[in-house]
Amino acid sequence: MLDVILVSNFSMKDELGEILKRNGHEFYDLLIQDIQHIERYPVDDEYKTIIIQSASAIKKIDSSNNHIYSTERIYGIGPNCKMWVEKKFGIKCLIPDKEYSSVGLIDKIENDNQDLGKTLLLKGIGGKETIKDYLLNKNIDFKVCDVYERILNKENLIAVSKMTDKGCIIIGFSKSSVEPLIDNPNVDLKKIHFFVLNKSDEEVIDSEDVASITKIEDIYAVDALAIKIGQIDEIVSRYRT
C-alpha cells in the first residue's frame, strides 16, 4: 500500500491517522514548512472588523488580547479559523458558505453588505495579497499584521523527498505546504498522488506533472478523505499487477 504523508497542519490528524492505520496504510506527519509565530498580541486597538486570512494567524494569539472582544464582526477564511476563534475566544466567526479561499471570503463579505469600518487583517509573511488588494480597492481603513512566518524544515523535506521514491500520497492543504517538495529537482512528481484543499483561486500544481491530484472539499470529513485515499491505492495496486 502507498504511504500517506501529511505535510500540513491539521487539527484532525490523529483521527485520520487512526482510520488509515486500520486500513493498512503507513501514516506520517511531517511538516515541511514549520509555522513560527512572531506576534502574540496583534489586536492592538479596537477594530470594527477583523479578517483572519489563515488559521495559523489565530492559533497562537494570546487570549488576553482584550480588544478582540469588542470587535463587531470577525471573518475567517474557513472552518479551521472558525473553530479556533470560537474555541479560544468564545466569539462568533463568520466564514464562507462553501468556497474556503480568499475569493470565497471576499464574496461572503460582499454578500453581507456591512460597513467594515476600521479593519484589521491578520495573515502570515508572504501570504496572498488578494484580501489586502480588495480592502485597498474598497478604500477601507485597515491595518495588516503579519502574525507568523513559514520556516522550511529541511530535515522533514529530505525525509519526505526520500519517501517519495517508491510512490506515495501527499496531503497538503495549501500551496505553500507542498511548494518545497514540488521545487525539489530530486523528486519525481510522477510518483506522487497529491491531496489538496479545493481553492478555486489557487492552482497548486499542473495535474499533468504528477501521478494524480485529488481536491478535498471538506478537510473535516476524515472518513470520506480516507475512502478517497483507499480508492487511489486500489487503482495503483491494479495498475502494478
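Asp-3 sits in strand E1. The model is predicted. In it, Asp-3 is buried, at 7% relative accessibility.

**Around Asp-3**
- The side chain of Asp-3 makes a polar contact with the side chain of Lys-166, at 3.3 Å.
- Beyond neighbours within four places in sequence, Asp-3 is in contact with Glu-26, Tyr-28, Met-163, Lys-166, Cys-168 and Ile-169.
- Asp-3 counts as buried because its 7% relative accessibility falls under the 20% cut-off.

**Aromatic pairs**
- The count comes to 2 aromatic pairs.
- In one of them, the ring centres of Phe-10 and Phe-173 are 5.0 Å apart. Their planes stand at 65°, so this pair is edge-to-face; the cut-off for that class is over 60 degrees.
- Phe-10 belongs to the loop between strand E1 (3–6) and helix H1 (13–22). Phe-173 belongs to the loop between strand E8 (168–172) and helix H7 (175–182). The pair therefore ties together parts that are 163 residues apart in sequence.
- Phe-10 is buried at 6% relative accessibility. Phe-173 is buried too, at 9%.
- The rings of Tyr-69 and Phe-89 also pair, with centres 5.9 Å apart. Their planes make an angle of 70°, so the pair is edge-to-face.
- Tyr-69 lies in the loop between helix H2 (56–59) and strand E5 (73–76). Phe-89 lies in helix H3 (residues 79–89). The pair links distant parts of the chain, 20 residues apart.
- Tyr-69 is partly exposed, at 38% relative accessibility, whereas Phe-89 is buried at 7%.

**Lysines over rings**
- Lys-87 lies over the face of Trp-84, 5.1 Å from the ring centre.
- Lys-118 lies over the face of Tyr-47, at 5.1 Å from the ring centre.

**Strand E10**
- Side chains alternate along strand E10 (residues 212–216).
- Ser-212, Thr-214 and Ile-216 point to one face and are buried.
- Strand E9 (residues 192–197) pairs with E10 in the parallel sense, over 5 bridges.
- Leu-197 stands opposite Ile-216 of E10.

Key: Residues are numbered from 1 along each chain as its sequence is written. This is a predicted model: local features need pLDDT of at least 70, side-chain atom pairs count only at pLDDT 80 or more; totals for chains, interfaces and linings use all residues. Side-chain values use heavy atoms; hydrogens and water are left out. Rings of Phe, Tyr and Trp (its six-membered ring) pair if their centres lie within 6.5 Å; planes under 30 degrees apart count as stacked, over 60 as edge-to-face and the rest as tilted. Helices (H or I, at least four residues) and strands (E, at least two) are DSSP runs, numbered from the N terminus. Buried means under 20% relative accessible area, exposed over 50%, partly exposed in between (1.4 Å probe, protein chains only). A charge sits over a ring if NZ of Lys or CZ of Arg is within 6 Å of the ring centre and within 35 degrees of the ring normal. Two strands pair if DSSP finds at least two bridges between them. A polar contact is a pair of N or O atoms within 3.5 Å; within protein, one must be able to donate a hydrogen and the other to accept it, and residues adjacent in sequence count only if both atoms are side-chain atoms. Contact means heavy atoms within 4.5 Å.
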